Amino acid sequence: MSDDFDLLETNSQEKSEKVDVNWGKAIDQMKSKLAQEDDPESRQKILNATLDNVVDMAEKDRTTLLDAIKDLTDYQDEVGIMFEGFSALNKAEQKIIDDAVKRLERAKVELEDAQNIPDTWWNNLWGRKSKIENAEDELTSAQKERDAADNKAKAMFQERIETADVQTLLNELSFKSQAAIKRLKDREVEIKEVEDKLQDAIVEASKNHTKALEKKAEVEDKLEAEYALLKQARQALTDVADKQSTEYSEALSKVTKLEQSVEELEGLKNAYTTLAASKDSFVHKHNLTIKVLTSLRSNLQTHRAKLKSDTDERLKYYDGYVVALKARTDQEFAAILEHLGVKTDEHIGETLAAMHTASAKARQEMMDNIPVHEKVMQGVYGSYAEALKEIRNKDIEIQKNFADRYGIDMKAIFDEYYNSDNTVPNNPQGDNPSGDVPDLKPEVEEDDLLG
């Protein structure tokens, strides 16, 4: 079973297209952006936070994310990273690039097909050359469209993220992190390949260094022998008495040839010496380069491993942040509903109170307008007084019950409510001191409206 947790794995068999990097001032600019801290009162903001403050802080988060993604997009242009491979494009943006790529590939095939038509007078008569010319024009146009597709898609992307929410921006940042992880791994693979080549170069340079030293030794042996012969030849030339004789000419020619041979051997000796020194130098240079590349690759592995691990955790962290934002919105929504509910309760209470008041007034008006004899009304008021006494007794119980249950003294409220006692006659019998109430009750009809 393979170990999927090997964050430092570098698979040299996975190859990708190499990208030439033009660093420029991009790194310094990014560091400067990230180092800026313009909010020294963050602690106080946390201590004094309200839901409205959180809205402002979340909007600042969105603005900060938007600026960071814009900077990253500009940065990837400066370092030569392909835009479509480093940004999460939507369908419309991706379609612009895909269509341009398909058109370019189709134009290449059509041009190749046109060029593969045999160059005969018959084919030329039927438009072979014009087909090639049209295909070349289409290829040129398709190439221009492909070159402009990235910029067009990028412009659409920038316009889209201008108004994007936090979740979209976080997704974009996560996508860029994942794309960076792949890029770092690809760079590690590239470095490893160069390291392997340099290792081979060290071995080859060492072999050549050894060969050069061996050749130098061989030349030195020959040179020593030639020097001995040259010494003898010069002595022989000195011993010839007649400088105009053939013997002297032959001796001089022999000396000249030996001197020429010595000169060539000296040249070879110097050449092999220089070659050996050069190869030895490159052995050390390659070794130094390997050490530097290995160190860089190790650092890349560290960054990639941390970025990969942190990105996995960060995705969960971002999910929590987004859910928290949604929960804050729901909480605010609940607070709005609660506020509206309270206001609605108040309005309904006012309406009910108005209904009761209007009903009481209507009742009073109705009773004021009923043309009945006073004696009949005395009987009604007597009954009303008796009922009112019973209600008062009941109210006393209710007040006591309210006081026991809620600690509220309802007496003042009830006293005010029943302030209308003054309207009740002190003598319910009125003009009938005897107290006998005549039976003036009208007959009850079957259609009793109060029944």
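Predicted model: local features only at pLDDT ≥ 70, side-chain atom pairs only at ≥ 80, totals over all residues.
A residue counts as buried when its relative accessible area is under 20%, as exposed when over 50%, and as partly exposed in between.

I69 is found in helix α3, which covers residues 51–78. What covers this side chain's residue from farther along the chain? Leaving aside residues up to four places away in sequence, I69 touches F157, I161, L169, E172, L173 and K176. One more pairing gives a sense of the fold here. I69 and Q158 are 89 residues apart along the chain, yet their C-alpha atoms are separated by 9.3 Å.

Now step back to the whole protein. The secondary structure comes to 10 helices and 0 strands. Read from the N terminus, the order of elements is α-α-α-α-α-α-α-α-α-α. Buried residues make up 24% of the 451 residues. The protein exposes about 32,800 Å², and carbon and sulfur atoms supply 54% of that area. Sequence separation matters in the contacts too. Among those between residues at least 6 apart in sequence, 84% join residues at least 24 apart.

How far does the predictor's confidence go? The mean pLDDT of the protein is 75, and 72% of its residues reach 70 or more. Over residues 1–27 the pLDDT is below 50, and this stretch has 45 contacts in the model beyond near neighbours in sequence. Residues 422–451 also stay under 50. For that stretch the model has 14 contacts beyond four places in sequence.

Back to the helices, starting with α6. This helix covers residues 128–162, 35 residues in total. From first C-alpha to last, α6 reaches 51 Å, close to the 51 Å expected at 1.5 Å a residue. Where is α6 kinked? The kink is centred on A148 and comes to about 35°. The buried residues of α6 are R128, I132, A135, A142, R146, A149, D150, A153, K154, F157, Q158 and I161. Two of these names, F157 and I161, are among the residues that I69 touches.

The buried residues of α4 are E93, I96, I97, A100, L104, A107, L111 and A114. What covers them? The cover includes α6.

Helix α7 takes in residues 166–239. Is F175 buried or partly exposed? Its relative accessibility is 31%; that value is between the 20% and 50% cut-offs, so F175 counts as partly exposed. F175 and S87 are 88 residues apart along the chain, with their C-alpha atoms separated by 6.6 Å.

Next comes A180, also in α7. Why does A180 count as buried? Its relative accessible area is 18%, and the cut-off for buried is under 20%, so A180 falls on the buried side. A180 and L307 are 127 residues apart in sequence. In space, C-alpha to C-alpha, the two are 8.5 Å apart.

The last stop in α7 is K216. Its side chain makes a polar contact with the side chain of E220, at 2.7 Å. Which residues does K216 touch, not counting those up to four places away in sequence? They are K269, Y272 and T273.

Technical notes: Residues numbered from 1 in each chain as written. Heavy atoms only, no water. Helix = DSSP H or I, 4+ residues; strand = E, 2+ residues; numbered from the N terminus. Expected span 1.5 Å × (residues − 1). Bend = angle between axes of the 7 residues up to and from the residue. Buried < 20%, exposed > 50% of the residue type's maximum accessible area, 1.4 Å probe, protein only. Contact = heavy atoms within 4.5 Å. Areas by Shrake-Rupley, 256 points an atom, 1.4 Å probe, with all protein chains shown as cover. pLDDT = per-residue confidence, 0-100. Polar contact = N/O pair within 3.5 Å; in protein donor to acceptor, adjacent residues only side chain to side chain.
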